Amino acid sequence: MSETNTFRRVCLGLLAPAVVLCLSSCGGIQNAVNPAGPLAGKLSQLWWLMFVVCSIVFVLVMIAVLMSLRRRTGDSPDEIPPMVEPPLEEERRRRNVVISAVSITIVILFVFLIVSYSSGRAVSANRPDKVGLVIELTGHQWWWEVRYSDVDASNIFTTANEIHIPVGVPVTFSLRGGDVIHSFWVPNLAGKKDLIPGKINTLWLQADKPGVYRGQCAEYCGLQHAKMALWVIAEPQEQFNAWRQNATQSSIPPSTDSQKRGQQVFFSTTCVMCHAINGTAAGSNIGPNLTHVGSRHMIAAATLENTRDHMAQWIRDSQTFKPGNKMPQNNLSDADLQALVDYLQSLK
Amino acid sequence: MFKRIFFCALLCLFVGSCKREQRQFTTPPATFKSYDVTMSDIRPGVGGLPQPVQNPSDQRAYDTSEGKRLFSQYNCSGCHFNGGGGIGPPLMDEKWIYGDRPENIYSTIVEGRPNGMPSFRQKIPDAQVQQLVAYVRSMSGQLPKDVAPTRNDTMNARRSEQRTERKSPQQTTAPPQ
Amino acid sequence: MSSEEIEKRDEPRPKKVSRVEMEEEDLAAVMERERGELERTWARPRGLRGWFTDTDHKTVAMRYIITAFIFFILGGIEAALMRIQLSRPENHFLNPDRYNQIFTVHGTTMMFLFAVPIMTAMGIYLVPLMVGARDVAFPRLNLYGYFVYLIGGVLLYAGFFLNTGPDAGWFAYVPLSGPAYSPGKRVDIWAQMITFTEISALVGAIVVIGTAFKMRAPGMSLHRLPLFVWAQVVTSFMIIFAMPAVMLASSFLASDRLIDTHFFNPAEGGDAILYQHLFWFFGHPEVYIIFIPALGFISPIVVTFARRKIFGYVAMVLSLTTTAFLGFGLWVHHMFATPIPQMGQSFFTAASMMISIPSGVQIFCWIATLWGSKLNIKTPLLFVLGFFAIFIIGGLTGVMLASVPLDLQIHDTFFVVAHLHYVLIGGAVFPLFGAFYYWFPKWTGRLLSEWAGRLNFWLMFIGFNLVFFPMHQLGLNGMPRRVYTYLPETGWGTLNLIASIGAFILASGVLVFIINAFWAYRAGVVAGDNPWGADSLEWSTSSPPPNYNFHNLPVVQGRYPIWQATADAPVVRGLSTTKRETLVTSVLDAQPELRFDIPGPSIWPALVAVATGVSFVIGIFTPWAFLAGAILAGITLTGWFFADPNYENKVARETGKRSQGVSPQPELQPKQV
């Protein structure tokens, strides 16, 4: 193959992916470079700065490498005498070039360090002015327990896998590990923090525009690590207040016959062993709290859309969707299952 | 020849360790139905004791560990504590009131027993009952050491099941305190 | 002291071992006789006995290399399985239980069973040849290291095929890997395998340091040490300081699991983060333990093909040592998402960024070496050029990961997967393949096919970038690492499919290499002693080298021994040809100090390895195994030290000829040695 062709191929091979990267990194509800809050915004700026500088460095070094290859020969080594003492003048010139290249590297790294430190301060959790809403988040294998804390005890409530936050207000998360280490990461809003048993980690974030942002556990936590996700729903303050008002209420009592039968099914089968429904006798906190499960958008840790069909399939055969998760399979009759789904869906 | 020996050794290993590491996620149909409690060896009519039933969970480390989790999450520990007993009878000693066989313990959980043990029929699926049964037996060292659970990540009130020495079960009629 | 001064001090040395004048025909006859004696003295046991007793460093190293390469292929197959599973969303090719085992075993294999051993093995093969020694410093210990490594590897794969493969990730964070959340024996197998590879790595490090420091040919003062050997020495010191940390981590984990200790149980005063500190205090240097030897492959290849001296030798050596020191100061950048004060994090950011300076220095020096040289680009150099392209990307993404705030976004995502493969495959595997092409003729006497080599390179280069470049994007798009599947709505499907296709191109590149190696071994072009016109001592002996490496140990006259050798270059005379004897020289200036008997073939290392194996493998099931193992090891070590002191006579007996009248000619003895 001809040498110039090789070079062209190398250049193309290196440039093409870089272009693809530039073009395809926008959009998405789980995307670090599509920021929706001040923190992720800062991080995204930092990313683009580093990306551009590093790309330039890479291209320059590659040009240098390719230039150093411009003298080619097909000769066997014996025909070229080895040069153990190259001309001093030339060596000195090269030394100067290498020293300047190293100096530039050091300067770039220093700039990176300072920028990184100042961004780090901005996103640091220890900011007393940034305490707004406080949410306690506990990671379990493989779902998220969300507890809204408040000075007024009647406003404290627990939900799961779906976090509502008001737009424009800093939200502090107090992160605890329920069993193994998990990591809370909503890329559009902020960087990740680990949930570690025996420790409390804090993170604050803020959403600037309303929307749904998907987060996922980022620290390997066992069989269903892949499907341990959550939604953060940012909504205007009034909407959030309304949601919160509803969330602090006890569950809606069943009204239709089918719902009443569903409640009975809930209490007479395995459901009641793990799940709580506030306002009823079901009070176990092993699985997600179902007090307002009908109002959630997703079930199974943000894996399945919350429809009647999905819920029925999930209750009957959760192990097919998420093998190894802690919810057992249930042999309910069709009628019982439909009644149960009726009841659960009515818990708005 | 060395290769042959090596493969034979490997084969032996295969046979030995298959069950221990199994993780069964989809629930097979229940192997235990309801069993009568055998309080004595004397039986009416012909025929001896019912055939003992093997609990598949007895051989799987994952199942005993799940059993341990459920034991505390389903609040078995509320009465039996960490096996030492209190409100309910102790489970880590050699005395058994309603039988020590897996099927006996299964029935105890599913049917409940007089003087306080509630029935968990329908409340706990069969597969989980089997896991609990395996765990309960591991508390008195009835399971192989490599299957019984090790310590938990909380305060440990006693030696782990793996390090509990095996007790030979005895029938007792003493009523629970 | 400037290098010129050292140079001056070196001048008078060769006279101590000056060549003895004698008649031409006498010389030829003496040489012939000596060669025969050396052949007999250094004869290697053959057949089944050879499998367990052969201590020759070339044999042991070649076994290491082949074993490690088999593990590389196994790890590659696991990688391919993972790529099939991830090629489309909600794929059901593997269930999560199997997938978790596969990615754990893949990572463990590549780090512990492939990368570290194969790098040490290259050193064990080449360091004695490069410094002009007859064998390594502790050949029996070296053999022991290999057996321990083999037992560890077989243990992991026996477990894996028995559904007992570890499934807690290659760094096995507690509490997930602890007793409460990893029932069964899966993680125990991982922890004990770590112990085996630690022992073998430590043994390899000691052997390399001993050889490089005390067994160099006269004249090879430290400032003339080949950069390859420098890299090996630096790596070996890193191993000695890094391995104890992971030994603690894995032993604590094993005892938590087996005997109810509470090192990592927060409820009883333990700490889950302690494990991470211990592991990464080893884990980060580990990356450099893999990467620095690869730097050692690049320097000789660049020098050989540029046909000029390396630019900035001192800067290169300082860079290597700086990397080694800094490498221990940045482990916390793996843990930025844990609660660590910002000031502390900043320190580790600075250290992590600083470590790219020495790497930069080396890359600039190589470019300066290549600059303006007339190049005949052959496959080894092609792989080095591939290294430049890939490793620099990996290094730059490394700088991004060093920044705390940015790390919080891309840590534990596919971005990190891309980064670590760019650094490890680009930084270590590409140079390694270059080294295979470069040293294969020395190992076998035959050249690998150049045509297949180019095909191999381009398949690997294109395949590699196809697999791993899209992963940067996947990471930014929110794909966490170690997921067995993903939902279609995430939109990660296309890039994952591209990556999966790339994986098979990469694999086909490796396949081409394997075919090439098999073909060349039987039918390749005969290479001759020095096919590349290279400068270092290993090329001055025959290909493949004789058992005793050099007929007369060389005396080194410069940094580039072959290029700088004068016509009347002196050699070392007076070493016994009927005993396994080599020359021990001083650490700094390589002045001859004493003649030293090197131990020969022995069964004891294999038996001690079995004792080690028994205690750790059975130790998975019962702590009593350690008592039994200690007794067994005591017995076998006693045998090693005391039962066979007279190995040289034994060697002579083996060859059917007791030594008689073959002591070195008195007039050939150097006066002072």
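Of the 311 residues in the largest nonpolar core, which touch the most other members?

**Figure 1. The largest nonpolar core of the predicted model**. The residues that touch the most other members are A:Leu189, C:Ala115, C:Ile118 and C:Ile124. A nonpolar core is a set of buried Ala, Val, Leu, Ile, Met, Phe, Trp, Tyr and Cys residues joined through C-beta atoms within 7 Å; a residue is buried if 20 or more other C-beta atoms lie within 10 Å of its own, with C-beta atoms placed from the backbone. A second, separate core has 24 residues, among them B:Ala61, B:Met92, B:Tyr106 and B:Val133. Residues are numbered from 1 along each chain as its sequence is written, and chains are lettered from A in the order in which they are written. Because this is a predicted model, local features need pLDDT of at least 70 and side-chain atom pairs count only at pLDDT 80 or more, whereas totals for chains, interfaces and linings use all residues.

**Figure 2. Surroundings of C:Ile124**. Beyond four places in sequence, C:Ile124 is in contact (C-beta atoms, placed from the backbone, within 7 Å) with C:His57, C:Val60, C:Ala61, C:Tyr64, C:Val136, C:Asn142, C:Gly204, C:Val207 and C:Val208.

**Figure 3. Contacts between chain A and chain B**. Twelve residues of chain A are in contact with 13 residues of chain B. The chain A side has five nonpolar, seven polar and no charged residues; here Ala, Val, Leu, Ile, Met, Phe, Trp, Tyr, Cys and Pro count as nonpolar, Asp, Glu, Lys and Arg as charged, and the others, Gly among them, as polar.

**Figure 4. Confidence along chain C**. The average pLDDT (the predictor's confidence in each residue, from 0 to 100) is 88 for chain C, and 92% of its residues score at least 70. Over residues 1-19 of chain C, pLDDT stays under 50.

Definitions and conventions:
Contact = placed C-beta atoms within 7 Å. Buried ≥ 20, exposed ≤ 12 C-beta atoms within 10 Å, placed from the backbone.
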